[in-house]
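Hi,

Here is the structure I said I would pass on. Have a look at it first, and then read on for what turned up.

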Amino acid sequence: TQSKPRELRHQPSDRTTLLEQLDAARSYWNVEGPMTYELTVSLRCFCDPGVPFVSRVSGVNVVRSTGGHRSDGRSWGPSLRTVELLFLEARRVVSSDADEVVVEFDPRFRYPTRIRIDEWRDASDDEVEWIAQLRVLR
């Protein structure tokens with residue numbers, strides 16, 4: 001007899017605690033975050049990581065922004081130009097059916113500094129990671 005191919009199914013872990021941490025970090029950021037900052041967000045993947053986003057943000061407004069595209073000029077994903085957009089992306093992936101999601105937070109301002117997504121636990125080369133660095137301007 002011929003065996004059936006194994007059906008691939010996502011097996012996400014319980015991320016209730018991570019969602020709670022994300023909500024607490026966002027609340028902290030809303031109170032303690034700087035008014036003006038420069039945010040650099042880089043993509044790490046087994047792909048063309050392109051040019052990082054570099055944005056200057058004042059309040060909720062992006063004053064100036066560059067990058068966020070592959071070497072051929074195509075956009076490489078969500079427009080992560082503010083800390084608020086980092087929080088939204090982190091929530092989106094934490095709530096997704098990806099098998100593994102890791103979010104790390106800045107110890108001072110508690111914004112997401114690393115968002116790592118592994119869609120399929122047993123697949124290779126499908127991991128995507130966003131790395132964020134913030135520089136306070138005022």
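Before the charged pairs, one cut-off: a salt bridge here is a side-chain nitrogen of Lys or Arg within 4 Å of a carboxyl oxygen of Asp or Glu. Please also keep in mind that this is a predicted model.

With that rule, the side chains of arginine 114 and glutamate 104 form a salt bridge, at 2.7 Å from N to O. Arginine 114 sits in strand β5 and glutamate 104 in strand β4, so this pair ties together parts that are ten residues apart in sequence. Arginine 114 also meets glutamate 129 in a salt bridge, this one at 2.2 Å from N to O. Here the link runs from strand β5 to strand β6, where glutamate 129 lies, and the two residues are 15 apart. Put together, Glu104, Arg114 and Glu129 make a network of salt bridges.

Another one of them joins arginine 135 to glutamate 38, with the closest N and O atoms 3.3 Å apart. That pair connects distant parts of the chain, since arginine 135 is in strand β6 and glutamate 38 in strand β1, 97 residues apart. Arginine 135 is partly exposed, with a relative accessible area of 44%, whereas glutamate 38 is buried at 18%.

Now the overall fold. The protein chain has two helices and six strands, and along the sequence they follow the pattern α-β-β-β-α-β-β-β. The six strands make an open sheet in the order β3-β2-β1-β6-β5-β4, with antiparallel pairing. At the edges are β3 (61-66) and β4 (100-105), each of which pairs on one side only. From one strand to the next, the twist averages 15°.

Within that sheet, strands β5 (residues 112-118) and β6 (residues 127-136) run antiparallel and are joined by five bridges. If you want a spot to look at, isoleucine 115 has tryptophan 130 in β6 as its bridge partner.

Both helices lie across strands. Helix α2 (residues 83-94) lies across β1, β4, β5 and β6, and runs at about 30° to β5.

The C-alpha atoms of leucine 39 and alanine 132 are 6.9 Å apart, although 93 residues separate the two along the chain. Threonine 40, also placed in β1, counts as buried at 19% relative accessibility, because the cut-off for buried is under 20%. Among the residues threonine 40 touches, again leaving out those up to four places away, are Pro52, Phe53, Ile131 and Ala132.

Finally, some whole-chain numbers. Buried residues account for 35% of the 138 residues. Of the contacts between residues at least 6 apart in sequence, 53% join residues at least 24 apart. The accessible surface is about 8500 Å², and 49% of that belongs to carbon and sulfur atoms.

Cheers

How values were computed
Residues are numbered from 1 along each chain as its sequence is written. This is a predicted model: local features need pLDDT of at least 70, side-chain atom pairs count only at pLDDT 80 or more; totals for chains, interfaces and linings use all residues. Side-chain values use heavy atoms; hydrogens and water are left out. Two strands pair if DSSP finds at least two bridges between them. Helices (H or I, at least four residues) and strands (E, at least two) are DSSP runs, numbered from the N terminus. Axes are lines fitted to C-alpha atoms, for helices over the stretch in contact, and angles run from 0 to 180 degrees between N-to-C directions. Contact means heavy atoms within 4.5 Å. Buried means under 20% relative accessible area, exposed over 50%, partly exposed in between (1.4 Å probe, protein chains only). Accessible areas come from the Shrake-Rupley method with a 1.4 Å probe; for residues, only the protein chains shown count as cover.
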